[in-house]
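Here are my notes on this model. Please read them with the structure open.

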Amino acid sequence: MEIGSIEDGIDDIIGFHENIVKHIEDSIDGISMNGNILCMMVDEHGNEYESLLDEDRYIKSLNKSLEFFKERENYEKCKHISDLINRI
């Protein structure tokens, strides 16, 4: 399997960033049922992989999602992410 840009391998990149934000918010609110499992990924051969997001990576992940939504001028989502960062 060749490793490239994560955005190149994800069909729904907006949904991926929204999932990051929801996962972190659910975790800090204490309602996450998935532990540190962010999502499952399936390669071109049907092999499944867990994508994990540990608590010590929340700020970095939120900052990447914040930049993503800034580039798309989704300022409502940016405000929500900034509020989450301030809660951590």
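Where does glutamate 73 lie?

1. Glutamate 73 sits in the loop between α2 (58-71) and α3 (75-87). Helices are DSSP runs (H or I, at least four residues), numbered from the N terminus. The model is predicted: local features need pLDDT of at least 70, side-chain atom pairs count only at pLDDT 80 or more, and totals for chains, interfaces and linings use all residues. Residues are numbered from 1 along each chain as its sequence is written, and side-chain values use heavy atoms, with hydrogens and water left out.

2. Check the backbone here. Glutamate 73 is not a glycine, yet its phi is positive, about 55°. Most residues other than glycine have a negative phi. Glutamate 73 is exposed, with a relative accessible area of 58%. Buried means under 20% relative accessible area, exposed over 50%, partly exposed in between (1.4 Å probe, protein chains only).

3. Next, the geometry of α3. Its 13 residues should span 18 Å at 1.5 Å a residue, and the end C-alpha atoms are 18 Å apart, which agrees. The expected span is 1.5 Å times one less than the number of residues.

4. Which residues of α3 are buried? They are Cys78, Ile81, Leu84 and Ile85. Seen down the axis of α3, the buried residues fall within an arc of 120°, so they line one face of the helix. The arc is that of the directions from the helix axis to the C-beta atoms. The buried residues of α3 pack against α1 (13-28) and α2, with contact meaning heavy atoms within 4.5 Å.

5. On the other side of α3, Tyr75, Glu76, Lys79 and Asn86 are exposed.

6. Isoleucine 59 belongs to helix α2. Isoleucine 59 is partly exposed, at 34% relative accessible area.

Key
Helix = DSSP H or I, 4+ residues; strand = E, 2+ residues; numbered from the N terminus.
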